[in-house]
Amino acid sequence: MTTHTEVLVLGGGSTGCGIVRDLAMRGLDVTLVERGNLTEGTTGRMHGLLHSGGRYAVSDQASAIECIEENEILREIAGHCVEETGGLFVQRPEDSDDYFREKLEGCRECDIPARVLSGREAREVEPYLADDVKRAIEVPDAAVDPFRLCVANAIDAETHGARIETHAEVVDLLRDGDGIHGVKVRHTSGPGKRTHAVAGTTEEITADYVVNATGAWAGQIGDMADLEIAVRPSKGVMTIMNVRQVDTVINRCRPKGDADIIVPHETTAILGTTDEEVSDPDDYPEEQWEVDQMIDTLSELVPILSEARTIRSFWGVRPLYEPPGTGTTDPTDITRDFFLLDHADRDGVSGMSSIVGGKLTTYRAMAEEIADHVCDKLGVRASCATADEPLPGSESIETLEAGMDDFGLRSPVARRSKQRLGSRASEVLDTDAANPVVCQCEGVTRAEIQDAISQSGTDLNAVRIRTRASMGNCQGGFCCQNMSNELHPEYDEETVRAALDELFQERWKGERHALWGEQLSQAMLNYALHATTMNRDRDPASESSDLEYAAFDGGQRAAEPRADGGN
């Protein structure tokens with residue numbers, strides 16, 4: 001099968017989704033392809049910090065200024081994806097007074113609102129801070145939901161006519177001489193919504209212009225056309241705690257270092273992170289000592305963390321890039337700025353540009369810059385409107401509040417449903433059907449699950465991303481099967497079982513790093529529920545051959561008790 005589009009965007013992370021929305025809003029025919037789910041790469045594996053810029057106020061002021069500008073824009077256009085937690089840069093007794101002063105001055109030089117709090121005032125904001133915290137700088141950090149943000153961009157792009165194709169892996173670039181004119185993709189099942197147990201297909205998608213927005217994987221895409229894109233992937237670990245030990249983003253006020261941030265996120269807190277360069281963004285070690293380091297070091301700031309339960313750990317890979325010849329040896333010194341690589345200018349190969357580096361907070365600005373570049377290449381004069389047009393679900397907080405009254409939504413479950421759905425709440429929740437809670441930990445209702453299934457088919461990980469179902473304390477132990485049940489009767493038993501297994505395995509891969517103490521008990525319970533109660537480790541129903549029921553009678557029968565009571 002061959003199709004054509006004006007612009008083809010590779011990569012379904014925040015940058016790719018931002019680009020496809022921007023271009024679609026300008027009236028271009030755009031297609032996005034992503035090898036997994038949206039957010040499958042770096043975007044879905046970050047700690048959820050919406051930078052104020054304070055983190056870079058000393059080391060990289062250009063990035064700091066970009067961050068505070070985009071921070072303010074995202075609060076306006078994506079309010080339902082942002083939790084305004086605020087942030088603190090906390091100084092312990094052993095941390096440098098000079099660095100504290102440099103941080104404060106740097107924030108003010110970059111127009112980042114910053115206020116000094118005494119140790120007592122900081123503990124009034126966050127009671128679990130250590131008693132010996134000296135002082136803190138208060139900045140407008142926030143927590144952002146990267147899943148919701150990307151999906152909102154994708155939905156809006158589709159509304160403007162774009163095609164979003166997930167589970168479509170690029171297996172080759174179509175190159176004719178010195179020009180790239182498309183890609184060949186391999187669909188996991190077929191174009192459109194994913195359906196398990198359906199054979200995959202391939203498709204050639206030709207385009208007037210191709211944008212490589214695959215982040216840490218940009219070099220692998222470049223290799224397909226003999227283009228050298230020297231991305232330097234850097235891994236970082238994040239550990240999720242079972243409750244919110246803090247309600248404010250807590251940063252350690254010291255020069256670069258591992259384990260220096262805690263981000264409250266939904267019902268949890270995420271500890272991060274490390275920074276270690278790796279050669280392959282798909283294959284790197286995930287080691288227990290990294291998780292231990294997160295907890296041990298950050299417990300110096302928030303001692304209660306040492307007594308808390310972790311629920312999972314995960315690693316992400318930063319798409320770091322620096323111009324050839326820079327030669328930085330320490331990945332923490334590589335700039336977090338982004339770069340647009342025009343392969344016509346740089347390599348003499350027309351038809352494609354790559355965008356590399358950057359961070360989620362600046363995804364919209366990155367998208368605007370490359371969309372301007374693409375429009376210039378194609379002779380399109382339309383301008384960017386993404387800084388002003390709200391994303392779906394974020395048009396009006398007043399609308400959200402009014403909707404709560406409309407639906408009688410004053411319970412914690414209802415309130416969270418409204419927060420997740422934003423201005424789409426009416427569209428999703430206005431149903432005559434029963435709407436029970438499917439995921440108890442996150443309070444996700446059937447209406448939300450069905451809405452997500454209508455968008456993503458049998459891909460329950462895509463449902464998870466859209467709703468947060470299975471992302472709470474039990475990590476899907478009690479709700480994976482409930483989610484898969486919602487696929488029936490539209491999909492057959494085999495498909496439902498395959499979808500359940502895939503979701504449960506995705507949840508398990510993050511839990512296996514937290515198997516001690518109470519979390520080990522939780523993992524054992526989850527195993528008992530799925531492997532034993534539901535027989536998902538060896539399910540006779542999944543066997544291709546007929547069952548030999550007689551085999552169940554092959555065991556030794558226990559001796560009948562004798563009437564006289566003897567043995």
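User: How do β3 and strand β8 pair, and over how many bridges?
Analyst: Strand β8 (residues 142-144) and β3 pair in the antiparallel sense over 2 bridges. Two strands count as paired if DSSP finds at least two bridges between them, and strands are DSSP runs of E with at least two residues, numbered from the N terminus. The model is predicted, so local features need pLDDT of at least 70 and side-chain atom pairs pLDDT 80 or more, while totals for chains, interfaces and linings use all residues. Residues are numbered from 1 along each chain as its sequence is written, and side-chain values use heavy atoms, without hydrogens and water.

User: Which residue in β8 is the bridge partner of Leu 49?
Analyst: The partner of Leu 49 is Ala 143.

User: In what order do the strands of that open sheet run?
Analyst: The 3 strands are ordered β3-β8-β4, with antiparallel pairing. The edge strands, β3 (49-50) and β4 (82-83), each pair on one side only.

User: Changing topic, is His 265 buried or exposed?
Analyst: His 265 counts as buried because its relative accessibility is 7%; buried means under 20% relative accessible area, exposed over 50%, and partly exposed in between (1.4 Å probe, protein chains only). His 265 lies in strand β15 (residues 261-265).

User: Which residues does His 265 touch?
Analyst: Not counting residues up to four places away in sequence, His 265 touches Val 144, Asp 145, Pro 146, Arg 244, Ile 270 and Arg 468. Contact means heavy atoms within 4.5 Å.

Definitions and conventions
Helix = DSSP H or I, 4+ residues; strand = E, 2+ residues; numbered from the N terminus.
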